[in-house]
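I am keeping these notes as I look through a structure that is new to me.

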Amino acid sequence: MHEYVFLAILSPLFGFLICGLLDRLGFVRGVSSREFFTGLLSTLSVVVSFAIGIGLWLELSELPENLRLFVVPIYEWFAAGDLRISLAYQIDSLSVTMMLVVTGVGSLIHFYSIGYMHRDEGFARFFSYLNLFIFAMLNLVLAANMPLMFLGWEGVGLCSYLLIGFWYDRSFEGVGIATTTDAANKAFIMNRVGDFAMLTAMFLLFQKIGTLDFNAILEQKSLLDETHLFWITLLIFIGCTGKSAQIPLYTWLPDAMAGPTPVSALIHAATMVTSGVYLIARLAPLYVMSPATMQLVATIGALTAILAATIALAQYDIKKVLAYSTVSQLGYMFLALGVGAFSAAIFHLITHAFFKACLFLGSGSVIHALHEEQDIRKMGGLRSAMPATSLTFLLGSLALAGAPLTAGFFSKDEILAQTFASGQFLLYGVGLVTAAFTAFYTMRLYALTFLGAPRYSASYHPHESPFTMTLPLWLLGVLSLLGGLLNLPPVITAHGFLHQWLQFPSSPHSLSHSTEWVLLALSSFIALVGLFAAYSLYSKSPVETDSAWRSLLSKKYYIDELYERLFVQPFQLLLVRTSQAVEQTVLENVFSGLGKLVLSLGEALRSIQSGIAQNYALAITLGLMIILSFILVSLS
């Protein structure tokens with residue numbers, strides 16, 4: 001089966017080409033027929049990849065643990081000196097797990113988009129971009145070497161740019177942002193900062209051990225001294241902070257909500273933003289050898305988690321609450337990576353894909369029903385009008401809040417337990433406080449949106465979304481509840497399925513069962529208190545009093561403004577001054593000088609053009625005499 005992995009890669013690429021081409025050529029008449037055909041073809045192209053992923057999972061699961069690895073070379077991509085890079089794909093437990101998440105959740109979001117993007121002028125273009133994104137994402141997670149991974153890394157960045165700015169002519173509020181195109185530019189440029197660090201790490205790796213294949217890097221990791229290990233792992237982590245929105249490169253993600261909501265679910269919740277988590281997990285043996293970097297990863301993750309969670313407490317845009325929540329949950333994943341709990345990080349990555357995709361798609365259903373309204377202060381009372389959306393949104397909210405026995409409860413608790421076991425008690429405390437904030441802002445979001453009296457315009461008549469939108473919501477809602485079965489804690493089952501499947505280096509930390517029960521009880525108590533407090537406050541009275549703290553949080557600690565003053569404006573000023581200097585000193589002098597020279601020549605030659613035939617005859621005669629003289633001299 002693994003020999004056919006290239007079909008899983010090519011299928012979404014085929015969908016990208018065909019969707020755009022058929023729509024442009026107009027092979028299918030009628031808007032509804034064209035949308036149905038385009039949406040179905042685009043969705044099926046991802047379903048094919050998911051089906052192949054299932055086949056790969058079955059193939060690997062039948063093999064002993066030490067044989068679950070295939071590298072499938074397609075052809076040699078390029079060679080330069082000692083550097084030889086192949087277009088090759090690696091099939092192992094981690095890559096197949098990521099492949100199933102990307103194509104499984106991606107298929108549901110494609111199907112949902114058929115209803116969400118109905119009657120949009122760029123319907124076919126949207127699905128083409130989605131398919132191109134899945135193609136790039138599969139290259140990222142299945143690549144057998146870093147250059148091919150980086151190709152997918154940049155590919156998803158390009159698709160993110162295209163999809164954030166999909167409605168390029170719409171206004172969008174933000175610091176230094178006026179339109180959706182500005183938001184797309186911000187995401188693209190901030191990610192390039194991280195990519196520079198990633199490229200530097202790749203150069204260092206090749207210089208030291210002469211290869212960029214993942215397996216070869218891990219096999220020869222002993223050739224790296226302590227200094228090189230630190231810088232290589234640190235630079236890769238900096239690259240990951242850009243893609244996965246961690247301090248200090250996280251501010252692009254909330255503004256990326258300018259794109260259509262399915263984009264927010266697919267790219268900015270379930271797939272692309274988890275690339276940094278995946279890459280560090282892929283290079284886990286390298287990170288284990290660099291404790292200083294591990295400590296930094298854990299600290300940055302914890303700080304990002306609590307910073308973003310506090311900001312989410314005071315946001316009013318339904319998608320921005322979820323966006324800051326995503327930044328916070330990614331922080332949890334990096335906290336897990338930093339304390340060596342790699343399987344816990346991937347576990348939370350999977351459950352987060354389920355419940356956050358459910359929440360984003362649910363918010364899209366609400367926005368769809370309220371004619372693009374996104375302010376939760378102007379919602380309320382939608383539970384009766386949109387029962388399916390309301391119930392599935394509640395399931396996703398409970399999972400995000402870490403309510404007992406939900407998917408988010410088990411994955412988040414494993415991260416907190418592993419942090420406690422590692423002896424990082426301060427980071428554990430930060431994680432616990434973040435969990436309380438998470439439960440609070442999640443219930444605040446649900447209550448202000450679906451409970452209480454309606455606050456939306458009387459001219460709106462919200463109703464439930466069509467089948468194409470509610471079916472993915474139900475499936476993701478169920479997964480949000482049951483996803484925790486993938487990796488139950490040791491107090492329930494001796495060995496969690498996912499932990500056994502992923503085969504990461506064993507965590508050096510362990511807890512007694514009694515301690516685990518206490519931590520489970522504490523996590524449950526924190527989540528329930530947060531949920532109850534928010535429900536009590538917002539289910540009946542949605543009014544929030546103004547305060548300095550609320551203003552500070554709603555303004556996101558003015559970090560966007562700080563970046564604008566420190567980096568954006570000085571850089572723009574530098575560009576303006578440089579361009580003016582170049583224009584004045586180079587362009588004006590050179591081109592003006594050339595113009596004046598041509599004018600002078602024209603003036604000089606103009607005197608020759610007298611219009612007197614005798615003068616022309618004299619000039620011709622003189623010319624002939626010069627030519628004949630030259631010939632005679634040459635012959636003699």
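This is a predicted model: local features need pLDDT of at least 70, side-chain atom pairs count only at pLDDT 80 or more; totals for chains, interfaces and linings use all residues.

Next I searched the whole structure for aromatic pairs and found 22. One of them joins Phe111 and Phe467, whose ring centres are 6.3 Å apart and whose planes stand at 90°, so I note the pair as edge-to-face. Since Phe111 belongs to helix H3 (residues 93–116) and Phe467 to helix H19 (residues 467–482), this pair ties together parts that are 356 residues apart in sequence. Phe467 itself has 54% relative accessibility and counts as exposed.

I then turned to Phe440 and Tyr538, where the centres lie 6.0 Å apart with the planes at 70°, so this pair is edge-to-face. It links distant parts of the chain, with Phe440 in helix H18 (residues 425–450) and Tyr538 in helix H21 (residues 513–538), 98 residues apart. Phe440 is buried at 18% relative accessibility, and Tyr538 is buried at 6%.

I also traced a cluster in which ring pairs link Phe123, Phe126, Phe127, Tyr129, Phe166 and Trp167.

For charges over rings, I found the charged end of Arg192 over the ring of Phe188, 4.4 Å from its centre, and that of Arg377 over the ring of Tyr316, 3.8 Å from the centre.

Last, I followed strand E1 (residues 69–80) and strand E2 (residues 83–92), which pair in the antiparallel sense over 10 bridges, with Leu69 opposite Asp92 in E2. Their hairpin has 2 residues between the strands, and Gly81 there takes a positive phi near 65°.

Terms used. Residues are numbered from 1 along each chain as its sequence is written. Side-chain values use heavy atoms; hydrogens and water are left out. Two strands pair if DSSP finds at least two bridges between them. Helices (H or I, at least four residues) and strands (E, at least two) are DSSP runs, numbered from the N terminus. Rings of Phe, Tyr and Trp (its six-membered ring) pair if their centres lie within 6.5 Å; planes under 30 degrees apart count as stacked, over 60 as edge-to-face and the rest as tilted. Buried means under 20% relative accessible area, exposed over 50%, partly exposed in between (1.4 Å probe, protein chains only). A charge sits over a ring if NZ of Lys or CZ of Arg is within 6 Å of the ring centre and within 35 degrees of the ring normal.
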